[in-house]
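Please open the model in your viewer and keep the selection panel at hand. The stops below go from one selection to the next.

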Amino acid sequence: MQVKEKLKINNSYKVIIKEIFARGIWLLLSFVMSFSSVVGGCCPFAISLISVSDKKNFLFSAIGAGIGYLVFCDGENAVRYFSAVIISCLGALAINLFNSKKEAYLPMLVSFLSVLSTGIVMNIKNADVIGAYALTLGESVLALGCSFFFFRAVYCNFKRLKYKALPLTDVTCLLVSVSVVLAGLSFLEIKGVSPARIIAVLSILTAVRFASLGRGIIIALSLGFALGISRENSMFLLGSYAFSALVSGLFTSVSKFGIGISFSLSMVFFAVASRAGDFAVCCVIESVVASVILVLLPEVITDKINEFYESGADIAPDGSLRQSLVVRLRFASSALAQVSESVRDVREKINELGRIEPMESELRMVAAEQFFSISDMLGDLAFEFNEAEIFDFKSAGKIRRMLGEYEIYPENISVIVDKFDRMRIEILDSSKAKGLENPKIKYEIEKICGREFEKSRANFSGSNVMLSIIEKPNFKVSFGFAQYCAEGKLCGDTVKVINDSRGHMIFIISDGMGKGGRAALDGAMGAGLLSKLLSAGFGFDSSLKVVNSALLVKSSDESLATLDCACVDLFTGKCEFYKAGAPASYISKGNSITKCELSSMPAGILRGIEFAKRTTVLNINDEIIMMSDGVTDVGQDLIEDFIKYDDSDSPNDKAQAILDFAVEHSEERHRDDMSVIVARLMQ
């Protein structure tokens with residue numbers, strides 16, 4: 001008990017020390033920013049910081065700013081800025097009390113009004129000219145802008161605090177905020193040499209050394225601008241820092257000595273050209289000191305810096321082949337698990353009717369056949385990734401940054417372009433994550449990729465969801481279906497229509513043996529399992545083997561289902577028919593009717609069955625008509641004549657008309673369950 005009490009006391013002390021340290025940071029920052037000014041004597045930065053402070057920190061930031069303005073400002077300016085501190089503090093208090101949402105415009109408004117109101121009062125009191133009012137307005141706008149940058153920096157999402165993973169706007173706001181702090185500290189000098197400017201140069205050199213030349217130049221521009229406007233005759237820092245970073249980037253392959261020496265020599269050139277006197281000499285000295293520090297940095301620190309800039313270097317990049325394979329195989333494993341669960345559930349229901357002894361030898365053969373089925377499935381996945389010509393890492397990175405703007409951080413993003421130049425985007429995220437359905441995201445993705453996309457489709461697997469977005473295809477399919485139940489309310493036929501998120505529309509009719517509930521069970525199982533496997537990315541042949549095995553082992557009673565499938569490629573119009581014991585289908589091209597009749601065995605009778613296949617190409621307004629054997633039993637000649645002369649407008653009306661015709665021309669006591677699908681290719 002004493003040990004627990006000591007631990008509890010120690011933890012309490014740690015929490016208190018941590019809270020004091022956090023409050024002290026806010027007080028110190030606001031104090032530093034109170035004497036951070038630009039040319040003209042404007043120093044509204046501390047006011048902006050107060051306006052974005054939360055309820056724990058706004059009082060401390062106000063105290064730090066108030067003390068700073070009273071110490072460093074003279075006479076009327078001290079009174080003016082202290083008054084602005086009070087107004088901004090009251091505004092921050094109101095925001096924290098009455099507004100629970102973190103929105104940037106409120107702090108921006110508070111800082112703008114605080115600086116503007118006190119500035120105008122001072123202008124009126126001094127009877128200033130128009131130029132002074134303009135300067136007050138400019139300072140107020142500067143305070144407003146800084147509030148925006150500070151707000152985004154303070155409230156950016158730090159769940160992925162890595163330079164590469166942060167959204168670009170958050171990176172920019174953090175850079176601007178840090179630059180303002182360093183500009184304030186730059187007034188602290190030792191014989192003209194500023195430690196703040198040494199830190200700035202060191203930041204540029206480490207970015208060039210450990211990140212990239214582009215990032216180094218971005219940081220150089222931000223720091224150069226903030227430090228350049230902080231005093232007279234220092235604007236040359238903007239160009240000198242940026243150009244020196246560019247020169248030093250040429251020596252990254254040499255060593256850190258080359259980076260430091262080239263940067264310092266470039267600064268010597270600018271110091272001479274600027275004619276800034278002693279200040280320019282001090283800037284050269286600062287560059288040399290920063291270069292020496294870069295060389296002397298211990299390995300422990302350089303490893304930390306490298307880790308910050310190279311976030312995610314230990315994982316595969318967005319859209320990499322390895323990571324995409326892992327993601328797809330995970331979904332493949334989930335699909336197989338669903339198959340096993342479906343078989344188990346169906347078997348349990350059948351066993352409720354009576355105890356049935358398993359056929360041990362047959363089950364062993366079926367189990368052995370599963371190894372071949374799994375092999376075929378992996379082959380399907382290998383074929384699909386072979387079709388992927390390009391993994392567009394650049395677009396994947398842009399999409400990740402864009403999603404970061406919406407506070408969405410998915411696990412993986414793959415941008416895949418196949419050998420036919422068709423793009424597909426797959427985004428893996430937690431199923432609990434929200435925001436991906438935002439229509440603005442689709443619009444942003446289209447801008448990034450320069451292509452038009454279809455509406456995204458979600459495929460759930462356990463705790464994850466795969467969002468698939470495919471390029472808008474050349475065609476679309478209008479379809480309709482109709483069904484007739486021969487016995488009771490359960491139809492022995494099952495109809496499935498799926499979009500596989502790869503530019504294909506797939507139509508399935510599964511007809512269970514007989515009619516009524518038992519036939520409905522077999523038909524639903526056949527179509528359900530097949531559609532899940534096809535949606536997971538497996539091919540028709542390997543999926544049929546799994547369905548066939550599932551029907552074989554679910555019961556010792558004879559259990560079978562016909563499978564009739566049509567797969568339409570929405571980019572090319574190519575249509576592939578797959579039949580396992582299914583009756584003829586028809587292809588309607590204007591006034592021409594073509595029968596597609598293929599001999600094959602239904603699933604659930606024998607091991608090793610295969611689909612019979614046929615391929616055709618559809619044009620605009622061509623139709624495919626699929627039906628179960630309950631419809632074709634009335635006579636194929638009658639059905640063909642009816643299809644040829646039927647003038648129904650929509651596919652749905654046509655499907656219903658064919659079904660009504662079949663019911664009307666069949667004998668009631670011999671009627672089977674009936675299903676019809678009509679699909680029309682459209683532009």
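Select β6, β15, β14, β11 and β12: in that order they make up an open sheet of five strands with antiparallel pairing. Strands here are DSSP E runs of at least two residues and helices are H or I runs of at least four, numbered from the N terminus; two strands count as paired if DSSP finds at least two bridges between them. This is a predicted model, in which local features need pLDDT of at least 70 and side-chain atom pairs count only at pLDDT 80 or more, while totals for chains, interfaces and linings use all residues. Residues are numbered from 1 along each chain as its sequence is written, and side-chain values use heavy atoms, with hydrogens and water left out.

The edge strands of this sheet, each pairing on one side only, are β6 (476-484) and β12 (592-596). On average, neighbouring strands are turned by 15 degrees against each other, direction ignored; axes are lines fitted to C-alpha atoms, for helices over the stretch in contact, and angles run from 0 to 180 degrees between N-to-C directions.

Now show β6 with β15 (674-682): the two run antiparallel and are joined by nine bridges. F481 has I677 of β15 as its bridge partner.

Move to the open sheet β7-β8-β9-β10-β13, five strands with antiparallel pairing. β7 (493-499) and β13 (612-617) are its edge strands. Six bridges join β9 (561-569) to β10 (574-580), and A566 stands opposite F577 in β10.

Which strands does helix α18 lie across? Select 517-535: α18 lies across β7, β8 (504-512) and β9, at about 160 degrees to β8. Helix α19 (540-553) lies across β8, β9, β10 and β13, and runs at about 160 degrees to β9.

Last, select I204, F236, L237 and Y241, which touch the most other members of the largest nonpolar core, a set of 41 residues. Such a core consists of buried Ala, Val, Leu, Ile, Met, Phe, Trp, Tyr and Cys residues joined through side-chain atoms within 4.5 Å, where buried means under 20% relative accessible area (1.4 Å probe, protein chains only). Helix α8 (195-210) is among the elements giving two or more residues, and α8 gives the most, ten. Beyond four places in sequence, I204 touches G216, I219, A220, L223, Y241, A245 and F263.

Technical notes: Contact = heavy atoms within 4.5 Å. Buried < 20%, exposed > 50% of the residue type's maximum accessible area, 1.4 Å probe, protein only.
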